[in-house]
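Colleague: Could you walk me through this one? I'd like to start with a sheet and then move on to the packing.

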Amino acid sequence: METEMQKFLEECSISGDAAYGAIKGLLERLEKESTRSEARVFLSEIQRRFADSSIECFKKYHFRIHDVWLNDFEGYQKRKKLTMMEIPSIFIPEDWSFTFYEGINRHPDSFFREKTVAELGCGNGWISIALAEKWGPLKVYGLDINPRAVKIAWINLYLNALDENGQPIYDPDGKTLLDRVEFHESDLLAYCRVNKIELERIVGCIPQILNPNPEAMSKVITETSSEEFLYDLSNYCALQGFVEDQFGLGLIARAVEEGIAVIKPMGFMVFNMGGRPGQGVCRRLFERRGLRISKIWETKVMQAADTDISALVEIEKNSPHRFEFFMGLVADQPICARTASAYMKFGGRISHSLSVYSCQLRQPNQVKKIFEFLKDGFQEVSSSLDLSFEDESVADEKIPFLADLATLFRKQSFLPYDSPAGWLNFRSWIAGFMKNYHRIPLTADNVVVFPTRTVAIENVLRLFSPRLAIVDDHLTKHLPKQWLTSLALEGSGENEVEEITVIEAPHRSDLLIELIKKLKPQIVITGMAHFEAITSSAFENLLSTTREIGSRLFLDISDHLELSSLPSSNGVLKYLTSHTLPSHAAILCGLVKNQVYSDLEVAFIISEDAAIQEGLSKTVELLEDHTALFSQHYYGCLFHELLAFQINDRHPILERECTDKGSTTMIGFCPSATSTFNGSEFFIHAPQSTNPSTVVHMDLDQNILPIPSVVKASIFESFARQNMVESETDVGSGIKQLLKSQYGYPSDTLSEVICGNSCLALFNKLVLSCINEKGTFLFPMGTNGHYLSAAQFMKCNVGTIPTTPQTGFKLSPEALKDALKTVERPWVYISGPTVNPTGSVYSDSEINSLLDVCVEYGARVVIDTSFSGLEFEAGSGSTVWNLKQGISNLAGSQKNFCLILLGGLSFELLAGGFDFGFLVLNEPDPDLAESVGNFFRGLSRPHGISKYAVRKLLGLKNGADERLLEAIKEQKESLKNRAEALTKTLTSCGWDVIGCHGGVSLVAKPTEYLGKTVKIDNSAATLDGSNIREALLKSTGLCINGASWTRLPDYCRFSFSVEQAKFDQSLDQIIQFKKLVFGA
């Protein structure tokens, strides 16, 4: 053995690399069972030879074997030391790792017993071995990015798993350290992630200072790398792309996020944290990622002399942050990195605090879902994520919602469109809550969702248009002024020209009932005082009185509905447990009591009268378009959390008494609503006889193409943020810049930008201004059907301007001039640059020619750009407008002329389903400005979360972000290809198609089908522009818009921005319909 020893030492004396090569040879012998004992004995002999001179051995032979003494350490061998080998290219255990071990040692024995553990930055493996020796975990994975460290760790494992004679040391469970510990080369937790190893404990003592030489960290790490480079891996880290990089904590941040992915839900992570950035920074690193933390050990350690802190000095130069060091171990006044660096240069010794943090995920399953989403290309969002909460109730709301949103974005490439009545899941959860917690047997069909409670009230009043309504004074704040100032109490109840009069009512039911009996209103909208809501008597009295008088009752329970697993007594809901809701009554509820987003609201109305439910749903579709999807998702998540754990139908539902006996005749829908409902097209669900999966909706104004990752990231970030400042939600400047670049709309002429949840809601407020001026709204034939129907619903004087198929149904100056000659106080609606629904595109010269005519006749012009931004062909000219010149020529023109730009960002920013509308006026006259201000009081405005996302997306758009621009280019190409494929199929099947140059829809005339006879519901029908929609849907499942929507004789609209599979299915359905009509 002596000869072998001499040969080994001679090789080691050459250099550190040579010593490592010789030691690797020893490891190979240890790994073979046939030579393992002999190799272990050889190592014992080396240790004995240098027992008193291990330092000299390290200097001369580039390694040493020595004992690491741990005073209170007693494993199954009852020994107080570990035998360890060290080499120059590996971090040598010192204060940092000893402090870390002390922190680990403070956990109870059960903390690691029979657990699966990973140690990050294991170095020579001493902590992994000590942990396995003392606590008997199921498995410890020691991980290090330094390949030499992993080899030495394996040698140290054999040194401690075998005795000096090379025999295995067994614990009481019959296992050795070789059964409990493994070492692997791994960049943080990559080994566990790749091998799908779930961990119960993660411990880590890893670098927390940026390398002063960033280029050094970009080198490829191999075992042949220089000793200095490999040693620095233990001292320094590189930039990781996290906000914590600025404090040197980027590697810890990455370790935490990787740990979240592989740790079991009830697992713990334990990290050694240098206190140099400050304790607040260290704690926030964990807390904002959804971890509860406890500091289990803290002390001071001397700053390692071989660690350069110049990177921290540079950070202080470029930021207000100050790191914390101390002069020696006893000082208690911190100094900054710059001072500490200067002190060290002149021989001073500095220290810093060192803490051991133990962390566990709060709501682990939900937090894991959030980080699963973030790791799929959304790393930049991680910097804005904040899951730290002082109030646990806030965490209980926000974390499940973010997890739900993350799951939605992971599973869905687009945001699905649902009924204007509300997202089906949300309505089902509301009904389920009423059924499970209040024993009221409702279904989703009994619920209609609104953007806000104010919108719901205004929609109800416009649907019925009562002569007189009594409204609780708490609920009148945002209603139109003229309703609250009108005194027209006499006259018939359903006069089309009469204005609604709203009387404010007291909150007490006895006073309200007295008022109802005296005034006999047709609509009553009221809440209840808290003391009256406890029992059902006040509600029953209101029901009885309104039934006798003939008033419809809408009772607001917003203040009394508790989203709780143990809701308090509610007299109204208690009554509905045993009685049906009378047809003349409905329940109104605004959801505003959330803990997280103070301005996020949604409302719903419950009715058990199918006609009322259908009327309210159509009213939402006409006046609001629909309720913001994410608002429904948020509150839906709250309802779902209360239902998810319950067993369905566990409690029998009592039979309820019918309460519609002897009801007086009530006010019906106003005539304008009835005629609009009868003459317009609305969203329709699949017929009950049809498989819903076979229905393709090509009748939507939505872009349902995949949402780009950059858009998803902006939306998710907006909900993940906390404590937004006002400037972060200011979208005005971004919208002005967009209008200037896209349409040449001079920003210096803009008044305030008015934002709404949808373009349709904004447009309808303009309709009210037109009515107020006794004007006439003119629409070119071939205009968005909902806009024209909405104007008719609100009793606006409307007119149509002829257009022709030869021009793609675009408005011509001549036709516009002829129309303007015939009306006083004209308002003109123009959809452009892209025309919805035809897909035609107005050029710059064409739009300016139309504006010249409008100026001549003093018309107010509404240009709706909300369907633009996805032009894929220029058509007859440039799609980029220059309105500046036209507007500048208006100086001194007719004072009545006003240009109003209406826009949305769903198309422009590829944010399909994430609706956001805006409106700007160019220096309107004071009367119009006052009128607009009045009617916009009750507008459903976007909450701060939406505005934050839009501001971020506008910044990307205006800044020409490559990712967003590339996504826009791809969507334009996709839409162009679809338009061509759809045109080809329609043409081959006997349709005449109008050329499409942009947007998401086109129009076509079923020329060869007109006059043909087909069977619809087993009865023969002659096809025309009014019934072909029904025929297509019932025979094939394809849902399109017919002539009553396009307002073009016999022309139908096909919206081709649907899922790819649905689009392919639609082409087959068109062919299928041809075969049905004409035969195979």
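Colleague: In what sense do strand 26 and strand 27 pair, and over how many bridges?

Modeller: Bearing in mind that this is a predicted model, strand 26 pairs with strand 27, residues 1001-1005, in the antiparallel sense over two bridges. Within that pairing, Val993 has Ala1004 of strand 27 as its bridge partner.

Colleague: And what is the strand order of the open sheet?

Modeller: The order is 26-27-31, three strands with antiparallel pairing in an open sheet. Strand 26 (992-993) and strand 31 (1052-1055) each have a single partner strand, so they stand at the edges and one side of each is left without a neighbour in the sheet.

Colleague: Switching to packing, which residues have the most contacts inside the largest nonpolar core?

Modeller: Those are Phe286, Phe716, Trp991 and Phe1054, in a core of 279 residues. Helix 17, residues 392-411, supplies the largest share of this core, with 10 residues. A second, separate core has 64 residues, including Ile65 and Val203.

Colleague: What is Phe716 in contact with, sequence neighbours aside?

Modeller: Beyond four places in sequence, Phe716 contacts Ile370, Phe373, Leu374, Val381, Leu402, Leu405, Ala406 and Phe409.

Colleague: Now Phe916: is it buried or exposed?

Modeller: Phe916 counts as buried because its relative accessible area is 2%, which is under the 20% cut-off. Phe916 lies in the loop between strand 24 (898-904) and strand 25 (917-921).

Methods: Residues are numbered from 1 along each chain as its sequence is written. This is a predicted model: local features need pLDDT of at least 70, side-chain atom pairs count only at pLDDT 80 or more; totals for chains, interfaces and linings use all residues. Side-chain values use heavy atoms; hydrogens and water are left out. Two strands pair if DSSP finds at least two bridges between them. Helices (H or I, at least four residues) and strands (E, at least two) are DSSP runs, numbered from the N terminus. A nonpolar core is a set of buried Ala, Val, Leu, Ile, Met, Phe, Trp, Tyr and Cys residues joined through side-chain atoms within 4.5 Å. Buried means under 20% relative accessible area, exposed over 50%, partly exposed in between (1.4 Å probe, protein chains only). Contact means heavy atoms within 4.5 Å.
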